[in-house]
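Subject: Handover of a structure and notes on it

Dear colleague,

Please find below the structure that I am handing over to you. I would ask you to keep it open while you read the notes that come after it.

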Amino acid sequence: MRKTIGLFAAATLVLTLSACSGGAAGGGGGAHKSLDQLVVGFAQVGAESGWRTANTKDIQDSFKAANIKLQFSDAQQKQENQIKAIRSYIQQGVDYIAFSPVVQTGWDAVLNEAKAANIPVILTDRAVDSKDTSLYKTFLGSDFIAEGKKAGDWLVEQYKGSSDPVSVVQLEGTTGSAPAIDRGTGFADAIKANPNIKVVASQTGDFTRAGGKQVMEAMLKSQPKIDVVYAHNDDMGLGAIEAIEAAGKVPGKDIKIITVDGVKDGMTALANGKINFIVECSPLLGKQLIDTITKLNNGETVPQRIVTEETTFTQDQAKEALPNRKY
Ligand code: GYE
């Protein structure tokens, strides 16, 4: 009898092992577990903006609703903290790792460690510039180049038919981050056929309100003429509004303001006429992340890139959208 049980146990072990290695193509280490047995480690960038706060809340709420255990860490916008968090998730042997890379470069070593441990990685919100795409299962989030382009297209449209010089100052996001690089590229591309529209100064405000205010104060002093502010997120635009008002100018009138995100404070400023145009970037990535994990866990393959759908808002559209805005 004991021998029979022993043989049965051995056969089960072989079956389990083969199920694991078979599932590695799709779901890696977690392929044979049910969702409520999974542990997912999420390494967040920080809490730098209204967007980030909404993103964190949406991810935490989505995991709760799906009954999947979430280990969450906040890197305070430092890459070394994010790498530490990812290493500790690898050590704990979590089933999946998701993270929003604060900057684009410098991830290959830690991602190779996750791969060696057979833990699938999902990039949310921001991309890495690694050539080796086998280091992550998918990248889900916005198309930041398209966002920058929408901002530039709107500006070109405003000055259509005029060749008067238009001086733009740009408040960049975190240096080296995918959204800062791509929103700059998309915008430059959209305005390049109009030599009268020029970016006269461009500096990072690190995606924070305080950063945007500080940079704007300095630019108001150093630039003889500013017609337009293009801020890579709402928070920096809101900081710029404070600086513009303190300098005795009217934001939205004396100086036009374009931002990206569409969080509540940004949309309120847009509805009140202090911002002129917002390109939406949705922070609600929780559902997509859960869907992706569910698919991988079932051994299904997922596309290498999942793009979030987004719109843009004028002042009138903001008034209309505000009452139903979730974040
Ligand atoms: O636009 C900004 C945040 O990575 C898309 O990060 C995100 C950006 C977002 O701090 O507000």
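**How to read the values**

This is a predicted model, in which local features need pLDDT of at least 70 and side-chain atom pairs count only at pLDDT 80 or more, while totals for chains, interfaces and linings use all residues. Residues are numbered from 1 along each chain as its sequence is written, and side-chain values use heavy atoms, with hydrogens and water left out.

**The whole protein**

The protein has 11 helices and 12 strands. Both are DSSP runs numbered from the N terminus: helices are H or I with at least four residues, and strands are E with at least two. Along the principal axes, the C-alpha atoms fill a box of roughly 90 × 40 × 30 Å. Of the 327 residues, 51% count as buried. Here buried means under 20% relative accessible area, exposed means over 50%, and partly exposed lies in between (1.4 Å probe, protein chains only).

The protein exposes about 14900 Å², and carbon and sulfur atoms supply 54% of that area. Accessible areas come from the Shrake-Rupley method with a 1.4 Å probe; for residues, only the protein chains shown count as cover. Among the contacts with a separation of 6 or more, 75% are between residues 24 or more positions apart. A contact means heavy atoms within 4.5 Å.

**Two domains**

Domain 1 comprises 27-141 + 283-309, and domain 2 comprises 144-281. These bounds come from an automatic or database domain assignment. The C-alpha centres of the two domains lie 30 Å apart. Where they meet, 12 residues of domain 1 are in contact with 16 residues of domain 2.

**The ligand**

The ligand is surrounded by 13 residues, of which the closest are E48, D125, R126, R183 and D261. The protein covers 100% of the 300 Å² of accessible area that the ligand has on its own.

D261, one of the closest residues to the ligand, is found in strand β9 (residues 256-261). Its relative accessibility is 2%, so D261 counts as buried. The phi of D261 is near 135 degrees, a positive value in a residue other than glycine.

In helix α4 (residues 108-116), V110, L111 and A114 are buried. They cover an arc of only 100 degrees around the axis, which puts them on the same side of α4. The arc is that of the directions from the helix axis to the C-beta atoms. An α-helix has 3.6 residues a turn, so residues three or four places apart point the same way. On the other side of α4, A109 and A116 are exposed. The buried residues of α4 pack against α3 (79-92), β3 (96-99) and β4 (121-124).

N118 lies in the loop between α4 and β4. Its phi is near 60 degrees, again a positive value in a residue other than glycine. With 38% relative accessibility, N118 counts as partly exposed.

**Two further residues**

D235 belongs to helix α8 (residues 234-246). This residue is buried, with a relative accessible area of 6%. A polar atom of the D235 side chain lies 2.9 Å from the backbone nitrogen of G50, and a polar contact of 3.4 Å joins the side chains of D235 and R209. A polar contact is a pair of N or O atoms within 3.5 Å; within protein, one must be able to donate a hydrogen and the other to accept it, and residues adjacent in sequence count only if both atoms are side-chain atoms. Neighbours within four places in sequence aside, D235 is in contact with residues including S49, W51, F207 and T208.

T312 is found in strand β12 (residues 312-313). This residue is partly exposed, with a relative accessible area of 23%. Not counting residues up to four places away in sequence, T312 touches K150, F277, I278, V279, E280 and Q317. The C-alpha atoms of T312 and K274, 38 residues apart along the chain, are separated by 16 Å.

Yours sincerely,
A colleague

Methods: A residue is near a molecule or strand if one of its heavy atoms lies within 4 Å of it.
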